[in-house]
Amino acid sequence: GYLLSAQSGNTGGLTWAAAPAGITQAQQWRITSGFTFSSVQDIDQNWEISDATAYGSLGSNLTQSSGIFTFPSTGIYLIMATFNFRRATGDRGVGGNINATTNNSSYAVVSSVEVNNSDFGGSDNTTYAGGCQAILDVTNTTNVKFKLTIQTSGSDQTCDGDTSRNYTGFVCVRLGDT
């Protein structure tokens, strides 16, 4: 539980210091049901923390309101998002985004995945997925937040969700201190 460390200002050697705690927060969120969309749209409803068989988490949970997620503490966080889509009639491009804010107001896309479902061939209702990741420096839990959005160049696409398995959602891991 301890390591030898050269402390700032020490001129005569090493001192024992407590070892860093490592990963102290990790959890998985998903949407509980699918929905259709036809432009850029926030995923702002039907969120739940995973309760799949053998699911485990660490530390305090994120909180969310209308799809905007608030971190439980400051730190460096890894967000790994997965988006699952179902093809509608015709060829359509779709995408998913991680959006972040540092002022609790204006959001910017910080990571994206784009898929052209015509590349997958098949018939209508063919499913396909993509993922993207972002590392966020949460210096203030009041102002630094994130949300997920989806987008399409066509109409009537489906973003899949389910209450018993993870189709569309994300994993959030606190990597360390900011």
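Strands are DSSP runs of E with at least two residues, and helices are runs of H or I with at least four residues, both numbered from the N terminus. In the loop between β6 (47–49) and β7 (63–65) lies Ala54. The model is predicted, so local features need pLDDT of at least 70 and side-chain atom pairs count only at pLDDT 80 or more, while totals for chains, interfaces and linings use all residues. Residues are numbered from 1 along each chain as its sequence is written, and side-chain values use heavy atoms, with hydrogens and water left out.

By this assignment, the protein chain has zero helices and 15 strands. Among its contacts (heavy atoms within 4.5 Å) between residues at least 6 apart in sequence, 72% join residues at least 24 apart. The accessible surface, computed by the Shrake-Rupley method with a 1.4 Å probe, comes to about 9000 Å² for the protein chain, and 46% of this belongs to carbon and sulfur atoms. Of the 178 residues in the protein chain, 39% are buried. Buried means under 20% relative accessible area, exposed over 50%, and partly exposed in between, with a 1.4 Å probe and protein chains only.

Most residues other than glycine have a negative phi. Ala54 has a positive phi, near 70°. Ala54 counts as exposed because its relative accessibility is 78%. A positive phi is also found at Asn104, where the value is near 55°. Asn104 belongs to the loop between β10 (93–101) and β11 (108–116). With a relative accessible area of 38%, Asn104 is partly exposed.
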